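Welcome, and thanks for taking a look at this structure with us. Please have the sequence and the 3D view open side by side.

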Amino acid sequence: MARFHTLPVAAVDRLTDDSVALTLTVPPELREEYRHAPGQHLALRRRVDGAEIRRTYSICSPAPAPDAEGPRALRVGVRLVEGGAFSAYALKEINVGDELEVMTPAGRFTLDPAPGLYAAIVGGSGITPVLSIVATLLAREPQARFCLVRSDRTSASTMFLEEVADLKDRYPERLQLVTVLSREEQQAGLPSGRLDQERLTGLLPALLPVERVAGWFLCGPFGLVQGAERALRKLGVARTRIHEEIFHVDTVAPTAGTPAPAHSTVTARLDGRGGSWPVQDGESLLETVLRNRPDAPYACKGGVCGTCRAFLVSGEVRMDRNFALEPEETEEGYVLACQSHPVTEKVELDFDR
Ligand code: FES
């Protein structure tokens, strides 16, 4: 069950003009709670003018081995988002020694280290969770190899440039690194320009044996992830081998759907306790649950992070949008509570499943 704790900031490292890495110290008694898988994220929260804001940031530090102690520190990457209430604060105001409210790790964009060939296509800050995935995999699994295709605008705007170069130095044989810069000339022979579906369809088979890749990790802006997924599908890669995490989705108007019944009730189970509450006009099921159970898990409220995932035990819902759940998860019956509206008069959700 997701919980918040206050963690001190141990370091603030500037990565580029518009991004920092924050290192948080985890005290011994909380290390088990903050044990994470490579690729997971942390939600940070703060109150501004009486309103609570939460943002999720991916952990870039390697994950601890299952038989080792939980992490002593967690490092996350934060890039400034235009008008971003949390990222502007992180870049300009957070100092060493400050305390932050940090949720325990969540997210299913993860890799369980195993022998084999893996690959990632990332854009911009999408490198953050993949840095943890690559570092954890190569350190823990000597029979694993990784191909990382990353794109950014310029080398000056590229996050974790040094960290990725260090990994390449440490694992020259097992890490293949391809960097594509869209707004900068590179040395002859290296690709430049945007990474879109067409370019990836041509580039990937020249880089690696596409059919032998055990898992693909796509992370970054919606357009890049969508283009990469289409390219992979065109190259015959099964959807089950593709893992996606989208950063930054432009706000879109909710899709008009079946109108909600006049009086619907949501029953929810959360942290072992249940309750039933009426859904107010137009609100999402997460809002209904939150009015009665402020401990309900969420971070983005935008259908992107997946923190509000719940199992739909009975009834029917309509989701406005979903950028977080894999097709298998929706088929199994999982929904995003922050995007769900009741279609039937009674809806039952289980957040513990
Ligand atoms: S809170 Fe992020 S997807 Fe619902």
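Below is a short tour of a core, a helix, a pocket and a loop residue in this predicted model.

## The largest nonpolar core

Let's begin inside. The largest nonpolar core has 27 residues, and those touching the most other members are Val130, Phe146, Leu148 and Leu175. Two or more residues come from each of strand S7, helix H2 (127-140), strand S8, helix H3 (161-170) and strand S10. Helix H2 gives the most, with 8 residues.

Beyond its neighbours within four places in sequence, Leu148 is in contact with Ala120, Val122, Ile127, Val130, Val164, Leu175, Gln176, Leu177 and Val178. In soluble globular proteins, nonpolar side chains tend to be buried together.

## Helix H4 and its cover

Which residues of helix H4 (residues 197-207) are buried? They are Leu200, Thr201, Leu203 and Leu204. An α-helix has 3.6 residues a turn, so residues three or four places apart point the same way. The cover over the buried residues of H4 includes strands S7 (116-123), S8 (144-152) and S10 (213-221), along with helix H5 (222-234).

## The second largest pocket

Next comes some open space. The second largest pocket has a volume of about 390 Å³. It is lined by 14 residues, of which Ala2, Ala106, Arg108, Thr307 and Phe351 are the closest to its centre. The lining of this pocket is made up of 6 nonpolar, 4 polar and 4 charged residues.

## A serine in a loop

Finally, have a look at Ser284, in the loop between strand S13 (273-279) and helix H6 (285-292). Is Ser284 buried or exposed? Ser284 counts as buried because its relative accessible area is 7%, and the cut-off is under 20%. Leaving out residues up to four places away in sequence, Ser284 touches Ala337, Cys338, Ser340 and His341.

Conventions. Residues numbered from 1 in each chain as written. Predicted model: local features only at pLDDT ≥ 70, side-chain atom pairs only at ≥ 80, totals over all residues. Heavy atoms only, no water. Buried < 20%, exposed > 50% of the residue type's maximum accessible area, 1.4 Å probe, protein only. Helix = DSSP H or I, 4+ residues; strand = E, 2+ residues; numbered from the N terminus. Contact = heavy atoms within 4.5 Å. Core = buried A, V, L, I, M, F, W, Y, C linked by side-chain atoms within 4.5 Å. 1 Å grid on protein atoms, 1.4 Å probe; cavity = no way out; pocket = protein on both sides within 12 Å on 5 of 7 lines; lining within 4 Å. Points joined across faces, edges and corners; volume = space filled by probe spheres on them. Nonpolar A, V, L, I, M, F, W, Y, C, P; charged D, E, K, R; others polar.
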